[in-house]
Amino acid sequence: RNLSSGGMMGEGPVRVKRGALLEVHIRNIGWVEGSIAWVQEDRFGIAFNEDIDPKIARAPAVPGEHSPRYTRPPLADHSRSGVLRKI
(Lines give C-alpha, C1' and ligand atoms only; values in the text may rest on other atoms or scores of the structure.)
Protein backbone atom coordinates (compact mmCIF):
# COMPACT_ATOMS: atom_id res chain seq x y z
CA ARG A 1 0.00 0.00 0.00
CA ASN A 2 1.07 3.59 -0.69
CA LEU A 3 4.34 2.61 -2.36
CA SER A 4 6.72 5.49 -3.10
CA SER A 5 10.39 5.75 -3.93
CA GLY A 6 11.33 6.22 -0.27
CA GLY A 7 8.96 3.86 1.49
CA MET A 8 5.62 2.12 1.77
CA MET A 9 2.78 1.37 4.11
CA GLY A 10 2.14 -2.16 5.31
CA GLU A 11 -1.05 -3.50 6.82
CA GLY A 12 -1.89 -6.67 8.66
CA PRO A 13 -1.56 -8.62 11.89
CA VAL A 14 2.22 -8.23 12.00
CA ARG A 15 3.94 -7.32 15.25
CA VAL A 16 6.43 -4.58 14.42
CA LYS A 17 8.17 -1.97 16.50
CA ARG A 18 9.29 1.50 15.46
CA GLY A 19 12.97 1.47 14.50
CA ALA A 20 13.08 -2.26 13.73
CA LEU A 21 15.19 -3.21 10.71
CA LEU A 22 13.64 -5.41 8.05
CA GLU A 23 13.67 -6.48 4.42
CA VAL A 24 10.61 -6.59 2.18
CA HIS A 25 10.32 -8.36 -1.15
CA ILE A 26 8.85 -6.06 -3.78
CA ARG A 27 7.63 -7.50 -7.08
CA ASN A 28 9.95 -6.84 -10.03
CA ILE A 29 12.55 -5.26 -7.71
CA GLY A 30 13.50 -7.90 -5.15
CA TRP A 31 14.52 -7.54 -1.51
CA VAL A 32 14.66 -3.97 -0.19
CA GLU A 33 16.12 -3.07 3.21
CA GLY A 34 14.43 -0.55 5.46
CA SER A 35 13.18 0.24 8.92
CA ILE A 36 9.83 0.74 10.60
CA ALA A 37 9.13 4.49 10.65
CA TRP A 38 5.75 4.47 12.40
CA VAL A 39 3.11 2.07 13.76
CA GLN A 40 -0.63 2.74 14.13
CA GLU A 41 -2.94 -0.16 15.04
CA ASP A 42 -2.50 -2.77 12.24
CA ARG A 43 -0.73 -0.36 9.85
CA PHE A 44 2.91 0.61 9.72
CA GLY A 45 5.29 2.65 7.61
CA ILE A 46 8.53 1.35 6.15
CA ALA A 47 11.31 3.78 5.21
CA PHE A 48 13.64 2.25 2.60
CA ASN A 49 17.40 2.58 3.08
CA GLU A 50 17.76 3.38 -0.64
CA ASP A 51 15.19 4.81 -3.05
CA ILE A 52 13.46 2.47 -5.51
CA ASP A 53 11.56 3.11 -8.74
CA PRO A 54 7.90 2.46 -7.87
CA LYS A 55 6.99 2.31 -11.58
CA ILE A 56 9.02 -0.88 -11.88
CA ALA A 57 7.18 -2.43 -8.92
CA ARG A 58 3.80 -1.52 -10.43
CA ALA A 59 4.63 -3.02 -13.84
CA PRO A 60 2.98 -6.36 -14.65
CA ALA A 61 4.82 -9.34 -13.23
CA VAL A 62 6.99 -11.02 -15.82
CA PRO A 63 6.53 -14.81 -15.83
CA GLY A 64 9.81 -16.57 -15.27
CA GLU A 65 11.87 -18.85 -13.15
CA HIS A 66 11.73 -16.59 -10.07
CA SER A 67 8.09 -15.49 -10.40
CA PRO A 68 5.65 -16.76 -7.77
CA ARG A 69 3.45 -19.61 -9.04
CA TYR A 70 0.30 -17.45 -8.94
CA THR A 71 1.80 -15.03 -11.52
CA ARG A 72 2.49 -17.74 -14.09
CA PRO A 73 -0.01 -19.28 -16.55
CA PRO A 74 -1.84 -22.42 -15.40
CA LEU A 75 -0.16 -25.75 -16.01
CA ALA A 76 -1.57 -27.62 -18.98
CA ASP A 77 -2.77 -31.16 -18.36
CA HIS A 78 -2.79 -32.68 -21.85
CA SER A 79 -3.57 -36.17 -20.56
CA ARG A 80 -7.21 -35.22 -19.94
CA SER A 81 -7.79 -33.01 -22.96
CA GLY A 82 -11.46 -32.14 -23.43
CA VAL A 83 -12.46 -33.18 -19.91
CA LEU A 84 -13.67 -30.56 -17.45
CA ARG A 85 -11.98 -30.52 -14.10
CA LYS A 86 -14.17 -30.34 -11.01
CA ILE A 87 -13.12 -27.54 -8.66
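1. **Basis.** The model is predicted: local features need pLDDT of at least 70, side-chain atom pairs count only at pLDDT 80 or more, and totals for chains, interfaces and linings use all residues. Residues are numbered from 1 along each chain as its sequence is written, and side-chain values use heavy atoms, with hydrogens and water left out.

2. **Elements.** The protein chain has one helix and four strands. Their order from the N terminus is β-β-β-β-α. Helices (H or I, at least four residues) and strands (E, at least two) are DSSP runs, numbered from the N terminus.

3. **Sheet.** The four strands make an open sheet, ordered β1-β4-β3-β2, with antiparallel pairing. β1 (7–11) and β2 are the edge strands; each has a single partner, so one side of each lacks a neighbour in the sheet. From one strand to the next the twist averages 45°. For such angles, axes are lines fitted to C-alpha atoms (for helices over the stretch in contact), and values run from 0 to 180 degrees between N-to-C directions. Two strands count as paired if DSSP finds at least two bridges between them.

4. **Pairing of β1 with β4.** Five bridges link β1 to strand β4 (residues 43–48), in the antiparallel sense. Met9 has Gly45 in β4 as its bridge partner.

5. **Hairpin.** Strand β2 (residues 21–26) and strand β3 (residues 30–40) run antiparallel and are joined by six bridges. Within this pair, His25 stands opposite Trp31 in β3. Three residues lie between the two strands of the hairpin. Asn28 in the turn has a positive phi of about 70°.

6. **Gly34.** This glycine belongs to strand β3. Gly34 is buried, at 2% relative accessible area. Buried means under 20% relative accessible area, exposed over 50%, partly exposed in between (1.4 Å probe, protein chains only). Leaving aside neighbours within four places in sequence, Gly34 is in contact with Ala20, Leu21, Leu22, Ile46, Ala47, Phe48 and Asn49. Contact means heavy atoms within 4.5 Å. C-alpha to C-alpha, Gly34 and Val24 are 7.9 Å apart in space and 10 residues apart in sequence.

7. **Core.** The largest nonpolar core has 10 residues in all: Leu3, Val24, Ile26, Val32, Ile36, Phe44, Ile46, Phe48, Ile52 and Ala57. β4 gives the largest share, three residues. A nonpolar core is a set of buried Ala, Val, Leu, Ile, Met, Phe, Trp, Tyr and Cys residues joined through side-chain atoms within 4.5 Å. Ile52 is in contact with Leu3, Ser4, Ser5, Ile26, Ile29 and Val32, leaving aside neighbours within four places in sequence.

8. **Pro54.** Helix α1 (residues 54–58) contains Pro54. Pro54 is buried, with 15% relative accessible area. With neighbours within four places in sequence left aside, Pro54 is in contact with Leu3, Ser4 and Ser5. Pro54 and Met8 are 46 residues apart in sequence, and 9.9 Å apart in space, C-alpha to C-alpha.

9. **Whole chain.** Of the 87 residues in the protein chain, 22% are buried. Among contacts with a separation of 6 or more, 47% are between residues 24 or more positions apart. The accessible surface is about 7300 Å², and 53% of it belongs to carbon and sulfur atoms. Areas come from the Shrake-Rupley method with a 1.4 Å probe; for residues, only the protein chains shown count as cover.
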